[in-house]
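Subject: Structure handover

Hello,

Here is the structure we talked about. Please open it alongside this note, and the findings follow below.

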Amino acid sequence: MLKKGKALWLLAAAVCLALVLAACSGDTAGDVEETDGDTSEEAGTNTGEAAGEGNLDVGIVLPTRDEPRWVQDEQRFKDALADSQYTTEILFSQGSSANELQNVETLISKGIDVLIISPHDGDAAGAAAAAAAAEGITVISYDRLITNSDAVDYYVTFDSVAVGAAQGQYLIDNVEGTGVPLYLYAGAASDNNAFLFFEGAWSVLQPKIADGTFVIANSSEAEALADQAELSRDEMGRVLGQITTNWDPNEAINKAQTHLTAASDDLKGDVAILAPNDGTARSIADTFATDSDITSYVVTGQDAEMASIQYIIDGKQSMTVFKDVRRLVEDAMGMAIALLDGNTPETTGAYDNGAKEVQAMQSEVIVVDQDNVKAELIDSSYYEASDFTGLE
Ligand code: GAL
């Protein structure tokens, strides 16, 4: 029998060897344990048969799985890539820029050539973009723009200013008289889109505030700017600071309750509500519906989430701005495949992200209310009629 000392050394050597073997295979998808960056096998969605270490073609990073909007995008990517020869993986950042960077590092270690990323925080995502660019990976910003970074190459999005303008115009077209109380809400200030949505809404609402059609009910900063047609980023930032929902339905409820509690009687009755997206619109609408001094409300939305389409059918939400995610996925993957094939992707314009002009592809948006739910969402096969009740 071997002397204990020697036996121990051999044991230690055996353990080390096992560890080295494990370490070499550690960065394949199967082996990664669950982290709150959601990078585990069942969370990371692989497409294409050979998704494994070192030969992943495209990495896709989405902000959070906690919002129906981004789960919709995951599904639409899966649908679009089902028979693709290209290998991809979809990871979620769960509302954290630290997770986002970790996700990108994971995808870099899997050998991606193209990164498609919708940033949690536009500025903070510059770090993840720079990490990818340093490895010669092409970075495509998806729906939301990565800001103040020269490490982003392309941008695919919808016309976000048109989203806000459509929401504002819907309120104008659906109220009567003058002095209509206007409750303003917005998205997260860390999201460049929140500024574009508000810019669009303000561009059509401001003249109607200035002529007395609307009275701002919940923002002293917006009231102070009521006579100003165009707002600077800082001025918009001050307003967003008062009316942001941070894209969080619960924060939207808290803000709406606070605003209704503070509102005097002349700011109740028939009111107009600018809600930035569907998730927050349902929360705000439900809160206003519980206030007996509110006799009616017109409320906007965005994203055509299934739950909000049912609210629209039931008359509990007035409209949404439909952004056909199938189109955005098609544009993003079209760019990625062009790049993988060594070609220059087609673009239709550019966005100044504060550091450079980012070449972009932008898609149109569609207003949906009770009158055209069927035409825009069922006839286009975005949803099935059976997904809803009460659809005429
Ligand atoms: C925006 C996006 C919207 C909305 C929101 C919340 O950037 O364009 O569709 O859903 O984020 O995540």
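Helix 5 and helix 6 cross in a right-handed sense. This is in a predicted model, so please read everything here that way. The angle between helix 5 (residues 160-173) and helix 6 is about 35°, and their axes are 6 Å apart. On the helix 5 side, the contact uses Ser160, Val161, Val163, Gly164, Ala165, Gly168, Gln169 and Ile172. Helix 6 answers with Asn193, Leu196, Phe197, Glu199, Gly200, Ala201, Ser203, Val204, Leu205 and Lys208. By class, the residues of this contact of helix 5 with helix 6 are nine nonpolar, seven polar and two charged.

Helix 6 also meets helix 8. Their axes come within 11 Å and cross at roughly 100°. That makes helix 6 roughly perpendicular to helix 8. Helix 6 brings Asn192, Ala194, Phe195, Phe198 and Glu199 to this contact. From helix 8 come Arg233, Met236, Gly237, Val239, Leu240 and Ile243. The contact of helix 6 with helix 8 counts seven nonpolar, two polar and two charged residues.

Now helix 8 itself. Which residues of helix 8 are buried? In this helix (residues 233-243), they are Glu235, Met236, Val239, Leu240 and Ile243. Seen down the axis of helix 8, these buried residues fall within an arc of 135°, so they line one face of the helix. What do the buried residues of helix 8 pack against? Their partners are strand 7 (180-184), helix 6 (192-210), helix 7 (220-224) and helix 9 (249-262).

Helix 9 holds a residue to look at, Lys255. Is Lys255 buried or exposed? Its relative accessible area is 17%. Buried means under 20%, so Lys255 counts as buried. Leaving out residues up to four places away in sequence, Lys255 touches Tyr185, Gln242, Ile243 and Thr244. Of these, Ile243 is also one of the buried residues of helix 8. Lys255 and Thr287 are 32 residues apart in sequence, and their C-alpha atoms are 9.8 Å apart in space.

One more helix pair. Helix 2 (residues 68-81) packs with helix 12 (residues 325-340) at an angle of about 55°, with the axes 9 Å apart. That makes helix 2 oblique to helix 12. The crossing of helix 2 with helix 12 is right-handed. Helix 2 contributes Arg69, Gln72, Asp73, Arg76, Phe77, Ala80 and Leu81. They meet Val325, Arg326, Leu328, Val329, Ala332 and Met333 in helix 12. The residues of this contact of helix 2 with helix 12 are eight nonpolar, one polar and four charged.

Last, the whole chain. The protein has 13 helices and 14 strands. It has 392 residues, and 53% of them count as buried. Take the contacts between residues at least 6 apart in sequence: 72% of them join residues at least 24 apart.

Best wishes

How values were computed
Residues are numbered from 1 along each chain as its sequence is written. This is a predicted model: local features need pLDDT of at least 70, side-chain atom pairs count only at pLDDT 80 or more; totals for chains, interfaces and linings use all residues. Side-chain values use heavy atoms; hydrogens and water are left out. Buried means under 20% relative accessible area, exposed over 50%, partly exposed in between (1.4 Å probe, protein chains only). Helices (H or I, at least four residues) and strands (E, at least two) are DSSP runs, numbered from the N terminus. The arc is that of the directions from the helix axis to the C-beta atoms. Contact means heavy atoms within 4.5 Å. Axes are lines fitted to C-alpha atoms, for helices over the stretch in contact, and angles run from 0 to 180 degrees between N-to-C directions. Angles under 35 degrees count as roughly parallel, over 145 as roughly antiparallel, 65 to 115 as roughly perpendicular and the rest as oblique. A crossing is left-handed if the near helix is turned anticlockwise from the far one by less than a right angle, and right-handed if clockwise. Ala, Val, Leu, Ile, Met, Phe, Trp, Tyr, Cys and Pro count as nonpolar, Asp, Glu, Lys and Arg as charged, and the others, Gly among them, as polar.
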